[in-house]
Amino acid sequence: MVMDRIFSGIQPTGTPHLGNYLGAIQNWVNLQEECSSVLYSIMDMHSLTMPKEPAVLRQNILDTTAAVLACGIDPKKCFLFRQSLVPEHAELAWILGCLTNVPRLLRLPQWKMKHASQNNEGTVGLLTYPVLQAADILLYKSTHVPVGEDQVLHLELSQDIAQHFNKKYGEFFPVPKAILSTTKKIKSLRDPTVKMSKSDPQKLATVNIVDSPDEIVLKFRKAMTDFTSEVTYDPAGRPGVSNLVSIHAAVTGLSIKEVLHQSAGLDTAHYKMVVAESVIQKFAPIRKEIKKLQEDKSHLIKVLEDGAEKAKELAAPIYQEIRRLVGFQ
């Protein structure tokens, strides 16, 4: 697969959790080695779709930046920047929003779910943020976007918007393709039918990458499994144990089959501690590096500002041409 330009983003929710790391960030680290043009954005504009205190948002931006750097994102191999420092994202979102019909946005599952969670008083931003996502991608003429299963519909919207623009104004945007993560979706440790989430009210459900070894052990010890003690992989029939197997495989780089072979003869109680230890070993150096980076706030700010300058240089000629095509100049 020829990858001309990759774009992806992460919302600044503070330090990421295990699911963020295995589902997205680990993949980002690999992709920056494989492609010569890679952009990763801290999506601070998207984060406003859920209410945030300004001081909390500021800190979350820095903590998320420290975390992705500690995980191996290298600003020499990619553009790492803060979305709001490149105003063309919002300007292009307006143009693309004028090509997008409301019923299409109302059908997206994230709107239905989050709209309901906000007592059916969802904001315009919550409804239209998939259009901003399309602008994020298309502003750089990105050709590939790493996505999880739950973002495929949003990428399909970006593809449709690109095609609609091309039909109206002439061939301009490449239609971006998905790079699907090979890691199985990581589920909550307390309810393996839903994905692991930072906003889960159950504190034992989510493993954060800065959790202490004791906290990680406790969370895995309390992880929901079933009454069969054997370690097997059957996501439909045994979602709890299968989630542990997925986590174990992802943090060690082993296949599901290899993990099951290694775990033959272990009961689930002992196996939980094996998985916990694998996660502790994986995150120990990352946790140490995050703490070190968090102590140098000015360095984190500079990384994002330098990345934004490079992103602006890339976006400027593309956006000028968009302005000409739509009749602004």
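Begin by selecting Leu22, Gln26, Ser181, Thr182 and Thr183, which lie nearest the centre of the second largest pocket, a site lined by 18 residues in total. The structure is a predicted model, in which local features need pLDDT of at least 70 and side-chain atom pairs count only at pLDDT 80 or more, while totals for chains, interfaces and linings use all residues. Residues are numbered from 1 along each chain as its sequence is written, and side-chain values use heavy atoms, with hydrogens and water left out.

**The pocket and its lining**

A pocket is defined on a 1 Å grid over the protein atoms alone, as an open set of points where a 1.4 Å probe fits, with protein on both sides within 12 Å along at least five of seven lines; lining residues have an atom within 4 Å of a point. The space in the second largest pocket amounts to about 340 Å³, where grid points are joined across faces, edges and corners and the volume is the space filled by probe spheres set on the points.

Next, colour the lining by secondary structure. Helix 1, strand 5 (177-180) and helix 10 each supply at least two of the lining residues. Helix 1 gives the largest share, six residues. Helices (H or I, at least four residues) and strands (E, at least two) are DSSP runs, numbered from the N terminus.

Colouring by residue class shows eight nonpolar, eight polar and two charged residues in this lining. Here Ala, Val, Leu, Ile, Met, Phe, Trp, Tyr, Cys and Pro count as nonpolar, Asp, Glu, Lys and Arg as charged, and the others, Gly among them, as polar.

**Glutamine 26**

Centre the view on glutamine 26, in helix 1 (residues 18-34). Glutamine 26 counts as buried, at 17% relative accessibility; buried means under 20% relative accessible area, exposed over 50%, and partly exposed in between (1.4 Å probe, protein chains only). With neighbours within four places in sequence left aside, glutamine 26 is in contact with Tyr21, Ala250 and Lys282, contact meaning heavy atoms within 4.5 Å.

**The two domains**

Now select the domains: domain 1 (6-185 + 299-326) and domain 2 (213-291), with bounds that come from an automatic or database domain assignment. Their centres, taken over C-alpha atoms, are separated by 31 Å. The contact between them takes 12 residues from domain 1 and 13 residues from domain 2. The lining of the second largest pocket draws at least three residues from each of these domains.

**Salt bridges**

A search of the whole structure finds eight salt bridges, each a side-chain nitrogen of Lys or Arg within 4 Å of a carboxyl oxygen of Asp or Glu. Three of them are visited here.

Select aspartate 226 and arginine 238, whose closest N and O atoms are 2.8 Å apart in a salt bridge. Both residues lie in the loop between helix 9 (213-221) and helix 10 (239-252), so the pair ties together parts that are 12 residues apart in sequence. Aspartate 226 is partly exposed, with a relative accessible area of 28%, whereas arginine 238 is buried, at 9%.

Move to helix 13 (residues 297-326), where lysine 302 and aspartate 306 lie four residues apart, about one turn of the helix. Their side chains meet in a salt bridge of 2.7 Å, N to O. Lysine 302 is partly exposed at 48% relative accessible area, and aspartate 306 is partly exposed at 33%.

Further along helix 13, select glutamate 321 and arginine 324, three residues apart and again about one turn of the helix. The salt bridge between these side chains spans 2.7 Å, N to O. Arginine 324 is partly exposed, with a relative accessible area of 45%; glutamate 321 is also partly exposed, at 27%.

**Two last stops**

Remain in helix 13 and select glycine 307, which counts as buried at 4% relative accessibility. Apart from neighbours within four places in sequence, glycine 307 is in contact with Phe79, Leu80 and Phe81. A line drawn from its C-alpha atom to that of serine 197, 110 residues away along the chain, covers 28 Å.

Finish at glutamine 163 in helix 8 (residues 152-169). This residue counts as partly exposed, at 43% relative accessibility. Glutamine 163 and phenylalanine 173 are 10 residues apart in sequence, and their C-alpha atoms are 7.7 Å apart in space.
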